[in-house]
Amino acid sequence: MDFTTRPEITGTFGMATSTHWIASAVGMAMLEKGGTAFDAAVAMGFVLNVVEPHLNGPLGDLPALIWPAGDATPTVICGQGVAPAGATIDHYRSEGLDMIPGSGLLATVVPGAFDAWMLMLRDHGHLSLREVLEPAIHYARQGHPVLARVSATISGLSRFFREEWPTSHATWLPGGKAPAPGSLFCNPELATTWERIVSEAENTSGREAQIDAARRVFSQGFIAETIDDWMREACVMDAAGGRRKGVLTGQDMADWQASYDTPLTTDYHGWEVFKPGYWTQGPSLLQSLATLRGVDLQTASPAEFVHQITEAMKLSFADREAYYGDSMDMGTAREALLIENYAATRRALIGEQASLDQRPGILSGYEELAKAAIARAARKPEVPAGTGAGEPTMAHLSEKRGDTVHLDVIDRWGNMVSATPSGGWLQSSPVVPGLGMPLNSRAQMFWLDEGLPTSLVPGKRPRTTLSPSMARDPDGGQFAFGTPGGDQQDQWQLIFLLRLAHQTANLQEAIDAPLFHTAHFTASFYPRVAEPGHLMIEPGFGKDVLDDLASRGHRLDIAAPWTVGRLTAAARDRDGMMRAAATPRLMQAYAIGR
């Protein structure tokens with residue numbers, strides 16, 4: 001028997017897997033109560049806000065794929081908030097910026113996650129608002145064992161919080177000390193905020209009416225009012241090294257709601273794969289699959305496997321940089337990116353040696369976008385070293401990857417969810433006074449250049465890195481999977497999927513196998529640098545494979561063992577058997593099922 005770090009969980013009742021064991025346990029508890037996968041996902045999402053606050057928060061973002069039992073294909077829920085009305089290029093330029101900071105108030109878009117969870121719960125759940133929020137309220141009020149990484153993040157920022165973000169200091173360092181790893185940590189202010197939302201919503205009768213009332217409380221009631229009042233006066237330090245006011249208002253929040261969207265799809269050797277649209281980086285995975293359709297990965301050596309996939313990803317992400325985004329109407333031009341003729345031209349560019357060039361394809365009429373993407377990748381931004389007596393400005397934190405969480409759920413009826421909540425990290429923005437939660441920093445993915453799909457435009461979505469996945473295999477089995485990891489999300493997910501298609505049917509084995517990714521292209525996060533030829537790879541591939549890749553010109557960045565990727569996955573076979581798995585990396589993700 002091949003060794004795996006954990007068993008692939010199997011059963012017929014339900015599966016819940018996520019990047020934290022407590023959230024997975026809560027999801028399973030919701031299924032045991034008679035809830036659907038949608039109820040479980042919502043409860044898990046709010047618990048993740050509590051137990052992984054350095055990776056997601058209630059004022060963050062949420063794209064999700066849902067697959068209701070009996071539906072032919074999944075549906076996208078868009079919980080990606082838009083740029084505020086006052087978020088114009090002229091305004092940001094007037095603040096002395098040529099790039100949006102990775103933290104602080106100007107990095108904020110409309111918070112989208114809460115409304116997206118409520119939309120999912122209202123339309124597809126069975127349980128009440130109180131039932132799905134109770135676990136998160138409990139862990140915020142009574143405490144949870146704080147992760148070592150949360151403790152380290154808070155400890156490293158303690159001086160900055162004390163001197164620059166006092167509301168964050170009060171929340172994350174109660175009594176003036178960072179919580180010790182494994183100690184019980186509480187956020188009573190957050191618990192009170194959620195309790196008030198539930199209490200005000202329950203002034204209305206009926207399950208769906210209460211959920212809609214909660215949406216109004218958030219976007220038009222005391223949450224929006226508190227944020228609006230604070231933003232009028234707050235002026236805080238950001239990653240660009242200056243103290244600046246934000247532009248988000250309560251009206252921006254009132255004007256936006258989560259929505260449904262149709263996923264994009266492609267076929268790969270009988271696999272049908274589904275991703276959110278071009279307001280995410282998700283189509284890059286579909287483009288990579290299309291490019292690799294004509295490559296023999298079935299018999300490829302390990303080094304050839306890594307090389308071919310890496311080169312395909314470089315090409316797909318070059319197109320991401322040139323053509324993806326929400327702020328420009330490109331009509332049907334982007335449809336060409338997923339057709340076979342285009343994929344064949346991209347495939348022909350893959351040679352025996354690693355490319356060090358940025359090579360977006362050419363879409364007729366949009367040639368200037370390709371040239372602009374190449375020019376952006378060549379920029380060498382000057383990142384402030386700090387202010388005052390060595391005070392951190394948070395820019396160093398923007399270099400950390402994995403600033404996200406993920407969950408997958410399947411219930412006894414065959415409903416499925418894949419969701420990637422993020423944003424609102426404790427290191428992204430000060431805690432809003434009275435709410436116990438910080439704002440998001442997703443606006444850093446806009447550019448302050450005119451005429452791009454990713455230009456900063458009020459009312460438009462930033463091109464998010466958040467990218468859950470679903471698939472159907474040639475036998476009719478359904479899969480929900482995803483990972484945190486910023487620009488790496490659609491790289492690790494691609495590798496996982498290709499291993500299922502070519503190497504193993506076992507989810508845990510596919511997750512445990514060594515991983516790799518490239519930072520060859522322009523990063524989505526501040527300070528947005530590119531590292532041509534870069535290839536981070538786990539040493540588990542072995543010296544011979546690493547030497548082979550180096551000889552091909554890949555600029556290897558050999559990671560510590562078991563440190564790349566945080567995948568989770570769940571599947572339902574055609575006969576009703578369910579399976580789930582979670583990464584052993586970071587030693588906190590867990591799959592539960594029966």
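**Entry 1: the model**

I am working from a predicted model, so I keep that in mind throughout.

**Entry 2: the seven-stranded sheet**

I started with the sheet. Seven strands make it up, it is open, and the order reads β9-β4-β3-β13-β12-β2-β23. The pairing is antiparallel. Which strands stand at the edges? I found β9 (259-261) and β23 (590-593) there. Each has a single partner strand, so one side of each has no neighbour in the sheet.

Strand β3 (residues 62-67) pairs with strand β13 (residues 416-419) in the antiparallel sense, over four bridges. Trp67 has Met416 of β13 standing opposite.

Then I checked what lies across these strands. Helix α4 (residues 113-124) lies across β3, β4 (75-79), β9, β12 (407-410) and β13. The helix runs at about 15° to β3.

**Entry 3: a hairpin**

I moved on to β10 (residues 264-268) and β11 (residues 271-275), which pair in the antiparallel sense over five bridges. Which residue of β11 is the bridge partner of Tyr268? I noted Trp271. The hairpin has two residues between the strands, and His269 takes a positive phi near 50°.

**Entry 4: α10 against α11**

I wanted the geometry of this helix pair. Helix α10 (residues 207-219) packs with helix α11 (residues 222-233) at an angle of about 10°. Their axes are 4 Å apart. Angles under 35 degrees count as roughly parallel, and α10 and α11 are therefore roughly parallel to each other.

Which residues meet here? On the α10 side I listed Val217, Phe218 and Ser219, and on the α11 side Phe222, Ile223 and Ala224. The residues of the contact of α10 with α11 divide into five nonpolar, one polar and no charged.

While in α11 I looked up Asp228, which is found in this helix. Asp228 is buried, because its relative accessible area of 11% is under the 20% cut-off. Not counting residues up to four places away in sequence, Asp228 touches Thr249 and Gly250. Asp228 and Thr249 are 21 residues apart in sequence, yet 5.0 Å apart in space, C-alpha to C-alpha.

**Entry 5: salt bridges**

How many salt bridges does the structure hold? I have 36 on record. I went through a few of them.

Are Asp212 and Arg215 buried or partly exposed? Asp212 is partly exposed, with a relative accessible area of 23%, whereas Arg215 is buried at 6%. The pair also belongs to a network: Asp115, Arg122, Asp123, Asp212 and Arg215 are linked by salt bridges.

My next pair was Arg585 and Glu538, with the closest N and O atoms 2.9 Å apart. This pair links distant parts of the chain, 47 residues apart. Arg585 sits in the loop between β22 (578-582) and β23, and Glu538 in the loop between β19 (534-537) and α19. I checked burial too, and both Arg585 and Glu538 are buried.

The last pair I looked up was Arg579 and Asp573, whose side chains meet in a salt bridge at 3.2 Å, N to O. Arg579 is buried, with a relative accessible area of 11%.

**Entry 6: Leu549**

I finished with a residue of helix α19 (residues 543-551), Leu549. Is Leu549 buried or exposed? I got buried, with a relative accessible area of 0%.

What does Leu549 contact, leaving aside its neighbours within four places in sequence? My list reads Ala303, Val306, His307, Leu535, Ile537, His554 and Leu556. For His307 I also noted the spacing: 242 residues separate it from Leu549 along the chain, while their C-alpha atoms are separated by 7.0 Å.

Terms used:
Residues are numbered from 1 along each chain as its sequence is written. This is a predicted model: local features need pLDDT of at least 70, side-chain atom pairs count only at pLDDT 80 or more; totals for chains, interfaces and linings use all residues. Side-chain values use heavy atoms; hydrogens and water are left out. Axes are lines fitted to C-alpha atoms, for helices over the stretch in contact, and angles run from 0 to 180 degrees between N-to-C directions. Angles under 35 degrees count as roughly parallel, over 145 as roughly antiparallel, 65 to 115 as roughly perpendicular and the rest as oblique. Contact means heavy atoms within 4.5 Å. Ala, Val, Leu, Ile, Met, Phe, Trp, Tyr, Cys and Pro count as nonpolar, Asp, Glu, Lys and Arg as charged, and the others, Gly among them, as polar. Buried means under 20% relative accessible area, exposed over 50%, partly exposed in between (1.4 Å probe, protein chains only). Two strands pair if DSSP finds at least two bridges between them. A salt bridge is a side-chain nitrogen of Lys or Arg within 4 Å of a carboxyl oxygen of Asp or Glu.
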